[in-house]
Amino acid sequence: MDIALLVLGFLLMLIGILGSFLPVLPGPPVSWVGLLLLYLTKAVPDDWWMLGITLFFALLITVMDYLIPAMGTKKFGGSKAGMLGTVVGLLVAIFFPILGPFGIIIWPFVGALVGELINKADQKTALKAAFGSFLGFLTGTFMKFLIGVIYFGIFIWKAIEYSPELFTFN
């Protein structure tokens, strides 16, 4: 059973990191569930403080991920159309990787710009708002990725530390 929890936790860690970039997956909470599964094994002793603190940060980052792009767009004079355009641009980058890895950076900006222009903003205002929305998106994505990598590091560290107990086949 420990091996199954370990493998499932590892897969959730990878999905959580992927969720840092995909708006449909809540990256940090998924990564946290991967950590939880590791701690539910018989080999790794319970550490409720660690799980509580990591859950707090996973939820905090998830909430901030929704607030930061909105604040960036608002600060730079944008609208909800710019934020929606950012998400559409991200989806274009994911499902139609025309510009390769640079598309994940370029398409959200283009989407925010188009969203603002559709919302009847003049070009200067649209460009400024698109930049704000884009900065908010990058900040949120970076925070989610960072927490996902940290949780993955904790997962690997604990899995290695308790590997003799995890990989006993009795």
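Grid points are joined across faces, edges and corners, and a volume is the space filled by probe spheres set on the points.

I note that this is a predicted model, in which local features need pLDDT of at least 70 and side-chain atom pairs count only at pLDDT 80 or more, while totals for chains, interfaces and linings use all residues. Residues are numbered from 1 along each chain as its sequence is written, and side-chain values use heavy atoms, with hydrogens and water left out.

Pocket. I looked up the largest pocket and found a volume of about 460 Å³; its lining has 24 residues, with Pro-23, Asp-65, Tyr-66, Pro-69 and Val-87 nearest the centre.

Met-143. I then turned to Met-143, which lies in helix α6 (residues 123-161), helices being DSSP runs of H or I with at least four residues, numbered from the N terminus. Met-143 counts as buried because its relative accessibility is 17%, the cut-off being under 20% relative accessible area with a 1.4 Å probe and protein chains only. Leaving aside residues up to four places away in sequence, Met-143 touches Ile-61, Met-64 and Ile-68, where contact means heavy atoms within 4.5 Å. From Met-64, Met-143 is 79 residues away in sequence, yet the C-alpha to C-alpha separation is 9.0 Å.

Notes
Helices (H or I, at least four residues) and strands (E, at least two) are DSSP runs, numbered from the N terminus. Buried means under 20% relative accessible area, exposed over 50%, partly exposed in between (1.4 Å probe, protein chains only). On a 1 Å grid over the protein atoms alone, a cavity is a set of points where a 1.4 Å probe fits but cannot get out, and a pocket is an open set with protein on both sides within 12 Å along at least five of seven lines; lining residues have an atom within 4 Å of a point.
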